[in-house]
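Please read it alongside the sequence and coordinates.

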Amino acid sequence: MGEAADEWYYQGMTKRAARGAARKTVAAYRVTPAAQALIRRAAALVREPPSVYVARAAEDRARQDVSEAERAAARRRLGALLDAMEARPARLSEAEAEALGREAVAAARRRA
Amino acid sequence: MKRLVLDASAVVAALCSPGRGATLVVLEAARLGLVQIVVCDEAEAEYRRAVEHPRVRRYARLADRQGFVSALCDGGMRVRPSAEPLHVWHSADAVYVQAAIAGGARTVLSFNVRHFLPPPAPNVPAPRHPVRVEVAGVTVMEPRLYLPALREG
């Protein structure tokens, strides 16, 4: 742990009991002592109490996992819709579809 | 992963395309996770309005057009468009480039490439049908021109 970070981490924690309490907070997570040390070191670097750091990291990761899962589900839905399109024959050529794209945008903007 | 933005004309063309269209190929790539579509609220609103055009309703190959837009947008990367001011011919199209900038996408696919040209100077005729335009470091091109880049991986 760097000296500046160390100083911040222990500021106001001159009593041994207070240090112990801070360590216990991280110890509540079922990780190895090495991982706990890593968490304490990272928390000191970003100047956050270890418990706050761990909670924030867990929340960020949970949000990321949920959004990834939602994106994957949306991609599956898109795939199913693309497959469904195969069943319905097109009535326009490629060039006509492009022209309709331009026309629909112009009309949407006139309406907006 | 490559990121790109689709404008509303490309989304409508995909819905009505006979099946071998470049936009559909790009959407298949998005489905497989090979490219990521970047979207913003403004773009989604325009997609939703455009797919309700009466002729799109008639010719779309899907009845659930809004579901198609939802799946497209939910599967993409949602950003807030960059605040960078852009001078393009049709100011309503600037939001696609701003979304591309915000999402780190280098490409916007559109069938209205001409809209992204700078506003024409008086007495200077604008190119009639450009297929590729550079705006603030983002390339706006017709979807078929993107296919070689897709093949490169």
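Which residue follows helix 2 of chain B, and is its phi positive or negative?

1. Helix 2 of chain B is followed by B:Gly33, which has a positive phi, near 80°. Helices (H or I, at least four residues) and strands (E, at least two) are DSSP runs, numbered from the N terminus. This is a predicted model, in which local features need pLDDT of at least 70, side-chain atom pairs count only at pLDDT 80 or more, and totals for chains, interfaces and linings use all residues. Residues are numbered from 1 along each chain as its sequence is written, with chains lettered from A and ligands numbered from 1 in the order in which they are written.

2. Of the ten residues in helix 2 (22-31) of chain B, seven are buried (20 or more other C-beta atoms within 10 Å of the residue's own, C-beta atoms being placed from the backbone). Among them are B:Leu24, B:Leu27 and B:Arg31. Their cover includes helix 4 of chain A as well as helix 1, strand 2, strand 4 and helix 7 of chain B.

3. The contact (C-beta atoms, placed from the backbone, within 7 Å) takes 31 residues from chain A and 34 residues from chain B. On the side of chain A that touches chain B, helix 5 of chain A gives the largest share, 13 residues.

4. Chain B holds an open sheet of six strands, ordered 3-2-1-4-6-5, with mixed pairing (at least two DSSP bridges between two strands). Strands 3 and 5 of chain B stand at the edges, each with a single partner strand, so one side of each lacks a neighbour in the sheet. Strand 5 pairs with strand 6 of chain B in the antiparallel sense over four bridges, and B:Val135 stands opposite B:Val138.

Notes:
Contact = placed C-beta atoms within 7 Å. Buried ≥ 20, exposed ≤ 12 C-beta atoms within 10 Å, placed from the backbone.
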